[in-house]
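This briefing concerns a single protein chain.

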Amino acid sequence: MWPWIKRWRDWAMHDLWHLYRTGPQSQALAYSFEKAGLTLHNQPIPWNAEAVLVEAQLHVKDTARRKADYGLRLAGRTDPVPADSLRRDDADGRYHLFFRFPPPRTTTTAELLWKGHTLGQLTLPVIDSATFIAGLRLQLPTLAVRLGEQSVACQTFVATQCKGLVASAILVSPTSLAPLADLGLHVEFRSERDASVFDVRVPLCSSQLAGRQAVLTAVPPRFPRRIGAWTATWKVADQILASHRVRAISQKSFLRSLRVSDTRFVVETKTGVTLRRQPPGPGEAVRVGPCFLVSSREPGMAGLCKLQVHAQVPGAVVPPLLLEQALLVTDGPTIFAPGTVDAIDLHQVTTFELRHKGDLLGVLSLCPVPTANFTAEGGFKAPTDFPWTPTAEEELSERLSKLMDGPKG
């Protein structure tokens, strides 16, 4: 071996041995950042963080307890960051060394130094504003309308029934939501009728800022009472996250959209309550009531209306009112079953009629479907008057289907 190489090797081994005997030993390195009064650990550091904290757990000998001997060297900076504090944990005897400095502009590495010797290093990931905003996702954005004492998510509503609008959504991010403390999240409510705009800020509490998802709500100071459309747009720093639209219609348009999609009988016997397509036989039921499936043709509709059930009695000039109830109607079938009446009181009733202020919406016949009687000449005798219902239509379709299929075998 060449003499100069041997001398260099001996010097290096002596220096390493001296460092091992007298110097500190790094056992763990971790980082965190401060934002909006929060300290968040092991997450990407946002560009607008107030400070970055690096903590080192050390096994320190008596000769390495001077805080001034430590430094943190960041890539791209000439001078190391001096240590902020050095504290001993009485529980296990370890020392905790802290560094506090402004956030770097880009992702960088940090080296822990003691008297110029490297004890360890870690990477400090940094995200900018564009990356943070691009990672935000708004899930289930919803507009709900206050109707009476309830709030209903919808796309269409009756203008005169609205008592308030509520926009809600779930905001999700791959990192913490702490950067939103400066960016500002807001919802812009815009009327397409007169172009009026209400900008509503959506503040987040500390627990929401510390998390990666949050449930958000926004309520405009005024709500629509006129016919027209409104748009709610969620924004972060003028970047649009989502937008949805609701439409206010008149009471007359809402009532014109109502329809009865199906009917049933609510039959109460001594053994229980059931829903049936056909009326019960004589003496079979204790109480009987109508059941109408009501819906609106308007997409995403939500509206209130008061419906009445009248009894059609032969010879009666005005059908007597049996039952009345308010109903929330949507674009899907909604059950309207206001109650039952004593079966004995229905012996003269031929039809249940569903009405709204005198306008007929649907009927439910208590009479059996008449049978067609054919004559010897191939004709048939005209049956008595029978109110045609969706149930009768379904029964006719089923019998015609069986007739067309023919006998099996």
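In this predicted model, four strands form an open sheet in the order S13-S12-S15-S18, with antiparallel pairing. Strands are DSSP runs of E with at least two residues, helices are runs of H or I with at least four, and both are numbered from the N terminus; two strands count as paired if DSSP finds at least two bridges between them. At the edges lie strand S13 (150–153) and strand S18 (213–218), each of which pairs on one side only.

**Sheet geometry and pairing**
- Neighbouring strands of this sheet are turned by 25° against each other on average, direction ignored; the axes are lines fitted to C-alpha atoms, and angles run from 0 to 180 degrees between N-to-C directions.
- Strand S12 (residues 137–147) pairs with strand S15 (residues 162–172) in the antiparallel sense over eight bridges, and Thr142 has Ser168 in S15 as its bridge partner.
- S15 and S18 also run antiparallel and are joined by six bridges; here Leu171 stands opposite Ala214 in S18.
- The covered face of S18 carries Ala214, Leu216 and Ala218, while Gln213, Val215 and Thr217 lie on the uncovered one.
- In a regular strand, side chains alternate between the two faces of the sheet.

**Nonpolar cores**
- A nonpolar core is a set of buried Ala, Val, Leu, Ile, Met, Phe, Trp, Tyr and Cys residues joined through side-chain atoms within 4.5 Å, where buried means under 20% relative accessible area (1.4 Å probe, protein chains only).
- The largest such core has 67 residues, and those with the most contacts inside it include Tyr70, Phe99, Leu124 and Phe189.
- S15 gives the most to this core, with five residues.
- A second, separate core of 28 residues includes Phe265, Val267, Ala311 and Val341.
- Not counting residues up to four places away in sequence, Phe189 touches, among others, Leu143, Ala167, Phe198, Ala218 and Trp230; contact means heavy atoms within 4.5 Å.

**Whole chain**
- The chain has six helices and 31 strands.
- Of its 409 residues, 43% count as buried.
- Among contacts between residues at least 6 apart in sequence, 63% join residues at least 24 apart.

**Confidence and conventions**
- The mean pLDDT (the predictor's confidence in each residue, from 0 to 100) is 84, and 83% of residues reach 70 or more.
- Over residues 1–21 the pLDDT is below 50, and this stretch has nine contacts in the model beyond near neighbours in sequence.
- Residues are numbered from 1 along each chain as its sequence is written, and side-chain values use heavy atoms, leaving out hydrogens and water.
- Local features need pLDDT of at least 70 and side-chain atom pairs count only at pLDDT 80 or more, whereas totals for chains, interfaces and linings use all residues.

Key. Buried means under 20% relative accessible area, exposed over 50%, partly exposed in between (1.4 Å probe, protein chains only).
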